[in-house]
Amino acid sequence: MSISRRHLMGAAGAFAVFPAFGPEAWAQAKDKVVIGISLEPPVLDPNKNAAAAIREITYQNIFESLARIDRTGAIIPGLAESWTISPDGLVYTFKLRSGVKFHDGEALDASVVKFAIDRLFAADSTVPAKSLYTDISTVEAVDPGTVKITLKSPNSYLLYNIALCDAAIQHPKSAATNDKHPVGTGAFMFKERKEGDSITLVKASTFRDAASIKLNTAIFKVVKDPSAQVSALLAGDVDTFPGFQAPELVERLKKDSRFAVVVGTTEGEVILATNNGKKPFDNLKVRQAMAHAINRSELIDAESGYGTPIGSHFAPHNKAYIDLTKTYPFDIAKGKALLAEAGHPNGFEAVLKLPPVGYAQRAGEVIVSQLGKIGIKVSIVQLQWPQWLSEVFKERNYDLSIVAHTEANDIDRYARDGYYWNYNSAEFKAKWREVLAATDFAKRDELLKDCQRIIARDAVNGYLYQLAKIGVWRKELQGMWENSPTPATDLTGVSWK
Amino acid sequence: MLDFITRRLAAALVTLALATVVVFAIVEVLPGDPALVMLGTDARPDTLAAMRAQYGFDQPLMIRYLHWIGGLLSLDLGSSHAYGTSVAKLIGDRLAVTLPLGALALVWAMLAAVPLGVFAAWKHGTVGDWGVMGFTQIGISIPNFWFGILLVLAFAVTWQIFPAGGFPGWRQDPLGSVDALILPGLALSLGEIAILTRVTRSAMLDTLREDYVRTARAKGAPESRVLFRHALRNALIPVTTVAGLIAGFLIAGAVIIESVFRLPGIGQLVYDSINNRDLIVIKNVVILFTILVLLVNLLVDLAYVLLDPRPRIAA
């Protein structure tokens, strides 16, 4: 025993003299920020992979789109300084910003934009978000500073889709290698990547407004394990986790005066996904009974209180949101009665297939107990993410699942044929066509409210709560986004006090 | 001697060939579609099909197996479809973390366990022995990730002697890299120290009962010479065997320790590759592990020959 202790002490003594890269690093360099991320992006090109982590690093920092989603979720000019939409909603004309350069010195003009948008919907395109752009018929470079996009049919979400990271403007010269070495027009350029560890960006001298950028270096560090995230913050190895994933550990950080813990909104609706095509869930009464059994405040407690109840598939901070949480209020007796009416007086057995994400794991146990109270005996099956995608999402081989739908404006999924809920409503589809065709946004909001009402009434899925965004950062760090209207860590406005 | 090595080498090669079949079969039957993982839930069926064709996921199994083996034989490990980089580079970068980590843990385990085991055997049945045995009981019971978290809280968060995690890279900061491996190496070695201590102790107890030890004592050899020269050398044979086995466990244990300490090691690569269904990476890493374990076993066999002349004579 004594030998081992001496050995350890010797080692500790010997290494203590070497400068550790931890605690003081942030204090020295006030133009550098270390951002912790819980998921590592595979490649770095949003056109090659759907991972949100790619967007969280590259959006606005490396890549820019014609329009831009700002911290409030509003669509503001991006690489296009302005645009006009024809009265029939079919022709969008974008006026490009002048003097825009890519990190490799190439200039932005209309031909580059045409190249970038064309490949989103081309027949042989393998872009993950292709389905968002297939309404586009042609893209024309009218002159070097003007691009005209013509649609096959009106799509009132086109501008939003054009503002996404998926529609990032990439240059023909660098597009093929953007997966490993992304070259964009943004304020930061890619410097290096250590797979499994970190991605380093540095301020781009080519950026049109370089003087406004306060940071010189941004390092995205991959820290997957929640307790390792806490220790990385406490030890000073990481300055911020914009999306902290473990609500149960937040209290520890709140007590530390060095950090600000900021709770904001996300676009993630956590739902009890229900296979509407499978017995007994094809029976509206069964789904209504389940809706009555759901106690949202208990579910939010399981998230340590972070989350906002929802009654439909729509984000509460959205202008068109209506509160439908009372459509089928929590009522065990009513739930039991409805189950009996549906021919299941003694309940039935069901399987809940869970993806390996924290919120689903936490909500899963609660749902099992809540549904158990009206007689539905639920057993949990754990799946890896790829399994979930194949088994639940693609093959639709499931009864129930819990998942957050994190895309903004994703109520359109209810109009999709063959989507994994197996919901098929002519009424909703017609309503959604009206939403797409609406050129007047006030009218569109009213139609969106109707959409929410339809799916809430049909109790398509169990609507649980909206995920909160828990941001943790050093108090001296300012300009971080408190909400997450789109996957992004926009560093253009971030600086140290 | 040469014949002995040749036979061992041939056995290792046959094992390796069988392993490729098993690994391929297991990886290919993993549920989950790599194209769907890459393209996500908005992907259209036509894009998924195009993606599968692009990476050859739509080829028959036999063709894919031969393609893979062909690559291995020509030392071309292919490129990861998740990262887009060469698998050889990915594995190389990760081994540069995991191998030193495993080696450090093993060295630590040996350095701590052998003296502890010798001490316990020497003090057999006394308080010293019970103390060591108590320590090993605790060492086996404590999960190494939890011990890792404790180490971080103590040495990184409270006293700030070592970094809480991360790895600066050998080229960028060699000393910092050593520093970064100290705590994880310790966390990883705890269970192994406990096991090796017990093995050393019981092996020592066995040898201390041997006639030659009694003879050595009878002829008046000093106690240290009896312990280390006569007893320990023979006791090291089972200890070496177990240490060889442990090397494999260390790599497995590294998966979770790397996660606690944020080390971009091979364990994390495998974990991520399984989650990304990065099939080519999983297959090549597992085969590499197989080769490593075979090599370690080969070395253990050779170590026997050096420690104990009997296999040499039998050969």
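## Exercises on a two-chain model

From the N terminus on, the elements of chain B run α-α-α-α-α-α-α-α-α-α-α-α-α. Helices (H or I, at least four residues) and strands (E, at least two) are DSSP runs, numbered from the N terminus. This is a predicted model, in which local features need pLDDT of at least 70, side-chain atom pairs count only at pLDDT 80 or more, and totals for chains, interfaces and linings use all residues. Residues are numbered from 1 along each chain as its sequence is written, while chains are lettered from A and ligands numbered from 1 in the order in which they are written.

### Exercise 1: Chain B as a whole

Describe the secondary structure, box and burial of chain B.

**Solution.** 
- Step 1. Start with the elements: chain B has 13 helices and zero strands.
- Step 2. Next, look at the extent. Along the principal axes, the C-alpha atoms of chain B fill a box of roughly 85 × 55 × 35 Å.
- Step 3. Now turn to burial. A residue is buried if 20 or more other C-beta atoms lie within 10 Å of its own, exposed if 12 or fewer, and partly exposed in between, with C-beta atoms placed from the backbone. Of the 315 residues in chain B, 40% are buried.
- Step 4. Finish with confidence. The pLDDT, which is the predictor's confidence in each residue from 0 to 100, averages 87 in chain B, and 97% of the residues score at least 70. For the model, ipTM is 0.81 and pTM is 0.86.

### Exercise 2: Where the chains meet

How many residues of chain B are in contact with chain A, and which helix supplies the largest share?

**Solution.** 
- Step 1. On the chain B side there are 61 residues, in contact with 51 residues of chain A.
- Step 2. Several helices of chain B supply at least two residues each, including α2 (34-39), α5 (87-122) and α11 (266-276).
- Step 3. The largest share, seven residues, belongs to α5(B).
- Step 4. By class, the side of chain B that touches chain A has 34 nonpolar, 17 polar and ten charged residues.

### Exercise 3: Two helices called α12

Check the span of α12 in chain B, then say what covers α12 in chain A.

**Solution.** 
- Step 1. The expected span of a helix is 1.5 Å times one less than its number of residues. Helix α12 (residues 279-307) of chain B has 29 residues, so it should span 42 Å; its end C-alpha atoms are 42 Å apart, which agrees.
- Step 2. Among the buried residues of α12(B) are B:Leu279, B:Ile280 and B:Lys283. The buried residues of α12(B) pack against α1, α2, α4, α5 and α11 of chain B.
- Step 3. Move to chain A: helix α12 (residues 385-394) has seven of its ten residues buried, among them A:Trp388 and A:Phe393.
- Step 4. Their cover includes β14 (348-354) and β16 (400-405) of chain A, together with α2 and α11 of chain B.
- Step 5. Just after α12(A), A:Arg396 takes a positive phi of about 55°.

### Exercise 4: One proline

Is A:Pro182 buried or exposed?

**Solution.** 
- Step 1. Count around it: A:Pro182 is buried because 28 other C-beta atoms lie within 10 Å.
- Step 2. Leaving aside neighbours within four places in sequence, the contacts of A:Pro182 include A:Leu44, A:Ile62 and A:Phe190.

Methods: Contact = placed C-beta atoms within 7 Å. Nonpolar A, V, L, I, M, F, W, Y, C, P; charged D, E, K, R; others polar.
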